[in-house]
Amino acid sequence: MAQILAFSRSLHLQHTLRVSLASLCSRSMSSLDTRARAVFSAAVEGVQPDIVVRRSLERHGDKLLVGGQNFTLTNNLYLVGFGKAVLGMAAEAERIVGDHLIKGVVSVPHGIQKTLRNHGKEKMLLENNSRIAVMEGAKNNLPDTDAQKSAECIRELASGLTEKDLLLVLISGGGSALLPAPAPPMTLQEKQDVTRKLAAAGATIQELNTVRRALSLLKGGGLAQCANPAQVVALILSDVIGDPLDLIASGPTVRSDSKPEEVWDILDRYKLSGSLPSSVKEVLRPHYGSQVKEQPEVVKDHVLNVVIGSNTIALECASRKAVELGLRPVILSPGVCGDVRSVSRLYGVLSRFACSPEKEPPPELAAEILQLGPEVGVESWDLCRTMNVLVEEKKEGWGATCLLAGGEPTVHLTGNGRGGRNQELALRVGLELSSDEVKCGAVFLSGGTDGQDGPTEAAGAVVDRKLMEEATSQGLDIDGFLTNNDSFTFFSQLSEGRRLLMPGLTGTNVMDVHVMLLPPSAPRDFQ
């Protein structure tokens with residue numbers, strides 16, 4: 001334990017965050033449940049499409065400042081976009097650049113304009129006199145002919161640019177399905193069949209993306225190549241852990257580093273190379289053996305990729321809100337992944353660690369936390385840093401702690417109920433907090449920043465140590481709901497759904513946010 005606590009004792013927001021027990025209790029927002037929801041709302045608000053664009057795109061006369069670079073505007077700006085959040089991004093970008101925008105095309109999900117209007121999100125819609133054409137497609141988040149038409153319009157616009165032009169590319173989650181451009185003579189159906197067979201055979205997401213890029217005109221840097229020699233500036237709202245530019249929407253503005261022969265290696269590995277349609281073989285034939293053709297080089301100086309919204313940014317905004325509410329924020333990691341069972345166990349053990357009556361918690365708790373790290377994608381350094389802060393809080397008499405994390409855990413499906421990873425994670429953490437091992441008034445929230453968790457209208461749920469008692473008193477069998485992956489039904493029936501997180505459509509998506517509020521050793525004083 002001594003080794004774990006030897007890490008730097010000054011890593012997180014120290015001198016500004018000290019709050020006394022008296023000042024915390026006097027705040028109007030006294031409920032930890034309410035404060036957890038407020039922290040989540042701040043995380044979502046901080047990555048709204050218009051906010052992230054306004055924060056990253058500045059116009060000063062005829063100069064456009066983005067990513068620390070200046071670009072000259074001479075009525076030479078064109079705009080394209082694809083993804084679930086790009087409509088709001090495009091609306092704000094057009095407001096900023098004004099008349100310098102000549103033309104634009106955005107590919108957005110089917111029905112998104114009507115949905116945004118119904119949810120009172122008119123500010124994310126384009127003006128009636130907008131120079132940007134909106135094309136809807138990819139119904140049910142699957143590439144379709146409508147999305148293919150949108151991709152073709154985007155390709156045509158980019159291909160007609162000159163070295164005097166500036167192409168602003170807006171990218172967000174869901175962009176890959178909204179930009180399908182199969183390399184001819186292959187059809188969209190044939191491309192989908194290949195990737196579907198690969199997925200069914202057990203191919204990894206990295207392998208699937210490698211093949212997708214090879215079969216596409218626009219992915220893997222293809223869009224930037226079409227726009228060459230124009231200057232390309234891509235503003236990216238990331239929904240992928242670690243913000244890898246080549247994976248977000250399959251990297252249309254990022255040249256793929258995959259070697260051509262890797263595509264055939266993947267197809268051979270899953271015994272698919274012999275059954276490929278002739279059109280697919282024709283597309284891939286230049287990549288085989290001694291006939292390998294190098295991809296055309298995208299001049300790097302002509303492409304600027306800037307991540308303007310991410311889970312990390314959302315957690316930083318949540319952290320600032322926690323300070324306002326009298327909480328001491330600690331950001332664990334923006335990359336939590338792995339099975340929800342392991343993730344829920346991590347939060348359960350962390351709550352036991354934080355609420356241990358000893359000044360220095362039992363070393364076996366620290367050992368289990370470090371052991372869970374690799375299973376949930378959290379580095380040992382981040383776990384040690386977090387435990388160090390929790391012990392400091394205990395020794396120095398800080399107020400309640402707000403533990404923040406984000407990412408995208410996974411659920412192993414064993415039933416056919418309704419729910420999503422956030423609601424199931426919350427339910428499992430609720431079981432952990434209800435355990436006799438955890439004598440702590442912690443509150444845990446898990447929510448999807450897009451406002452939807454699985455095929456439900458909820459974004460997630462909020463739980464505490466009273467969950468088991470509450471469920472039992474209402475005749476609800478938690479284990480049965482978990483076995484059927486039916487967390488939404490459980491939370492809907494529990495106390496009239498009051499524990500559900502229902503922000504509605506948010507218009508953004510940077511994966512999930514986890515909020516755990518850990519009171520000091522006297523939890524009754526904070527409930």
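Predicted model: local features only at pLDDT ≥ 70, side-chain atom pairs only at ≥ 80, totals over all residues.
User: Why is helix 14 called roughly antiparallel to helix 15?
Analyst: Helix 14 (residues 363-376) and helix 15 (residues 380-396) pack at an angle of about 150 degrees. Angles run from 0 to 180 degrees between N-to-C directions, and axes are lines fitted to C-alpha atoms, for helices over the stretch in contact. Under 35 degrees counts as roughly parallel, over 145 as roughly antiparallel, 65 to 115 as roughly perpendicular, and the rest as oblique. The angle therefore makes helix 14 roughly antiparallel to helix 15. Their axes are 9 Å apart.

User: Which residues make the contact between these two helices?
Analyst: Helix 14 brings Ala366, Ile369, Leu370 and Gly373. Helix 15 brings Ser380, Leu383, Cys384 and Met387. Contact means heavy atoms within 4.5 Å.

User: How many of the contact residues are nonpolar, polar and charged?
Analyst: Six are nonpolar, two are polar and none is charged. Ala, Val, Leu, Ile, Met, Phe, Trp, Tyr, Cys and Pro count as nonpolar; Asp, Glu, Lys and Arg as charged; the others, Gly among them, as polar.

User: What makes strand 6 and strand 9 edge strands?
Analyst: Six strands form an open sheet in the order 6-5-4-7-8-9, with parallel pairing. Strand 6 (132-137) and strand 9 (303-309) each pair on one side only. Helices (H or I, at least four residues) and strands (E, at least two) are DSSP runs, numbered from the N terminus. Neighbouring strands of this sheet are turned by 15 degrees against each other on average, direction ignored.

User: How do you know that strand 8 and strand 9 pair?
Analyst: Two strands pair if DSSP finds at least two bridges between them. Strand 8 (residues 231-237) and strand 9 have six bridges, in the parallel sense. Val232 stands opposite Val303 in strand 9.

User: In what sense do strand 1 and strand 2 pair?
Analyst: Strand 1 (residues 57-60) and strand 2 (residues 63-66) pair in the antiparallel sense over four bridges. Glu58 stands opposite Leu65 in strand 2. Their hairpin has two residues between the strands, and Gly61 there takes a positive phi near 65 degrees.

User: What is the phi of Asn140, and of Asn141?
Analyst: Phi of Asn140 is near 60 degrees, a positive value in a residue other than glycine. Phi of Asn141 is near 60 degrees as well. Most residues other than glycine have a negative phi.

User: Where are cis peptide bonds found?
Analyst: One joins Pro184 and Pro185, with omega about 5 degrees. Another joins Asn228 and Pro229, with omega about 15 degrees. Pro185 is found in the loop between strand 7 and helix 7 (188-200). Pro229 is found in the loop between helix 9 (222-227) and strand 8.

Definitions and conventions. Residues numbered from 1 in each chain as written. Heavy atoms only, no water.
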